[in-house]
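Let's look at some of the words used to describe a protein model and see what stands behind them. Here comes the structure.

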Amino acid sequence: MSSSRPSRSATGRTIASFKQKLSGRTPLSFEQDATALLKQYQDALSKLAKSEALHSGDISRVFRAITEACCGLLQVKRASIWLLTEERAAIELIDVCTSGRQHSNPTFAFQSSSWLVYLRSLSCGHRPIAVRHIFRDSRFKELASSYVSCFHVETMLSAPIRQNGRLVGFLCAEAVGAPRRWSRHEEHLAGLLTTMATLALEAAERHEVEQALRVAKEAAEVANRAKSEFLASMSHEIRTPMNAIIGMADLLWDTPLTPDQRKYLRIFRRAGGTLLNLINDILDLSKVEAGRLELESIGFDLNEVIDKAIDITAMRAIEKGLELACHVDRNVPCHLIGDPTRLTQILINLIGNALKFTDKGSIVVRVTNDPDRTITGAVRFSISDTGIGIPSDQLVSIFDTFKQAHASTTRQYGGTGLGLAITKRLVEGMNGRIWAESTVGIGSTFHCSVVLGIQTEPPHQKSVTPINLANVRVLVVDDHPTNRLILRELLSAWGAQVTEASDGITALDELRQASERGHAYELLLLDCRMPEMSGFHVVEQLKSSHSGSCPTVIMLTSNHWADEIARTYDLGLGGYLIKPIRRSDLLQTIGIALGRTKGTQPTAVEATAPSSTASMRALRVLLVEDSPDNQLLVRAYLKQTDYFLDVAEHGAIALDKFKSAHYDVILMDVQMPVMDGYAATRAIRSWERDHDLPPTPIIALTALALKEEGARIFEVGCNTHLTKPVKKSTLLEVLRAYKEHVV
């Protein structure tokens, strides 16, 4: 390596020195001797620089090689290396090489104060200290009795070893017996050897740090694996009883109940849902902190993501009597690439947070292209509420883990403060940011901007017969301006001529004036609940005062109350829509209502009759589940079907049953005693291969705490999975899909 070769200036100094020592020789002889000696030095240093010892990371081997080279190159009987201790209070002899390449590790150690003058000279100077008569040099006065005299050292060349510019030790070439004069090239060689010692020390330090990092990394990986296994286990142990609790509550809801019983059960179901959300938040936070929360990159439809988030949160809005509306700007691209599941979670968390802290008024979701980011695919979601608001000094800290604006907030509204913290991590994972604006007592708006990919080739859309609303006059009546905006944009895009009214009285006036002008409205979208005059009162007034034909009326309601729906049909209206309004529902309802008014069948409604090729044989299902409660739950789910259900308490029993009977579908719990679902699935797949049988569909029942668990489920041979707690509708839908393929 380059540091082992003397520089041109050093070479010049060496030749000049030889000229002095060899002045009595002929010029040719002088040049030959000087060149030969210089080559000898260079070869020796090059060999040392390339030696295995210097790169071994073993500092003891390195020092032995250096002291050995020092003895050989400088032709001294002793060479030693000394190092200061870490606290620099003492100096220790590390290695000694004597003539004949004999090494020893003596136990010489001295207090630094005893060698103070000597150490100060080494520390201040940049060149080695060359001494011909060591007993006459004051710098070695302290060493004369303690070290020098012990080994009859007469002459010494001391070269400092530095690390990061600081003296850490020195290399000594010690001439025994007679005095000796040290030449410049010998001083230079000693300096080169100490440079190698410095490099070796730095390499050893790096090796030590790297080793410590490796150990720490391995320990962290072990801890993460243990944490992951614990999370997977706890998720399963918690979700298994939760599956029974929530499932039984859903079954009980469908039975005849008194009003009080239904009220108690509603509280029961809400508490179960809250507990499940808390479990999900804790598991998500743990995965984020462990660095195991990975985002997918797949194509999806933004409208479907938004509809799903709205559907999930709509019931809570209805229960609190809040208006929930969503407006998507028409310029926002819909066919995107990203993680639709996590984007749905972001929206649910933000809408749920708004619902939690809002007791009256409305929640409005707005989706636009981010005006602050000009890149394609930057979408901003803004969720505004009319809730309690947040103090300005808390607008940043609310995104911290376990943090809410006030300590009293948790007592009054509940929650752990995890939702916004997880949302922030997810948003940042999508190259976005999240922030909030708020006024105490008026409400808050949470904004989040994410960057998503754009699909270059949008997927083929199902062909739906569009409704021809060209030149159809429509009156939209709703006291909420965002709802009117949503309906106006959708209907206008389908060709309708849309007029708005914010209350019932204004609507009646507009209907009367339009009829007098001979431009009567054909379709009326009417909000059920408005201040001063409800939608039903508007219809009653319209029927009593209108002499001609009334427009087709679609009632907009915010809940599923049976009496309001029944009243809609008692009045002979065209239909009803549950808010928040989805594009597909609006299209279908208008088609049905106008078709009924004109006496034609709607063409946009898809047939739901089973295919003639579908099998009518009862589905044989094997449930592998160790929990008696969940066994009972699945039996109850399938009670109203013609499916045959057999139960195995663990994987070993399931394997025996599978070998002796035929099953169309297997529901396999993944964590069970004796033989778990993974081992049972492997054994079933192996038995099928050995007997040349087609694979039976196996549906894993799992908590799926980690992504790795999902990958493992598919690796062992499962076809799909259901996450606990399993909903009745979800299970029946999956089984129905498999039934279509039964021969």
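Q: Why is strand E21 (residues 620-624) called largely enclosed by the rest of the structure?
A: A residue is buried under 20% relative accessible area, exposed over 50%, and partly exposed in between (1.4 Å probe, protein chains only). In E21, 4 of the 5 residues are buried, so the strand is largely enclosed. Strands (E, at least two residues) and helices (H or I, at least four) are DSSP runs, numbered from the N terminus. This is a predicted model, where local features need pLDDT of at least 70, side-chain atom pairs count only at pLDDT 80 or more, and totals for chains, interfaces and linings use all residues. Residues are numbered from 1 along each chain as its sequence is written, and side-chain values use heavy atoms, leaving out hydrogens and water.

Q: How do you know that E21 pairs with strand E22 (residues 644-648)?
A: Two strands pair if DSSP finds at least two bridges between them. Here 5 bridges join E21 to E22, and the two run parallel. Val624 stands opposite Ala648 in E22.

Q: What makes strand E24 (residues 698-702) mostly covered?
A: Of its 5 residues, 5 are buried. On one side these are Ile698, Ala700 and Thr702, and on the other Ile699 and Leu701, which covers both faces of E24. Strand E23 (residues 665-669) runs parallel to E24 and is joined to it by 4 bridges. Leu667 stands opposite Ile699 in E24.

Q: How confident is the predictor in the chain?
A: The pLDDT is the predictor's confidence in each residue, from 0 to 100. Its mean over the chain is 80, and 80% of the residues reach 70 or more. Confidence is lowest in helix H1 (residues 8-21), at a mean of 44, and highest in strand E12 (residues 378-385), at 95. Over residues 405-414 the pLDDT is below 50, and beyond near neighbours in sequence this stretch has 16 contacts in the model. Contact means heavy atoms within 4.5 Å. Where pLDDT is low, the predicted coordinates should not be read in detail.

Q: How many of the chain's residues count as buried, as a percentage?
A: Of its 743 residues, 48% count as buried. The chain has 21 helices and 25 strands.
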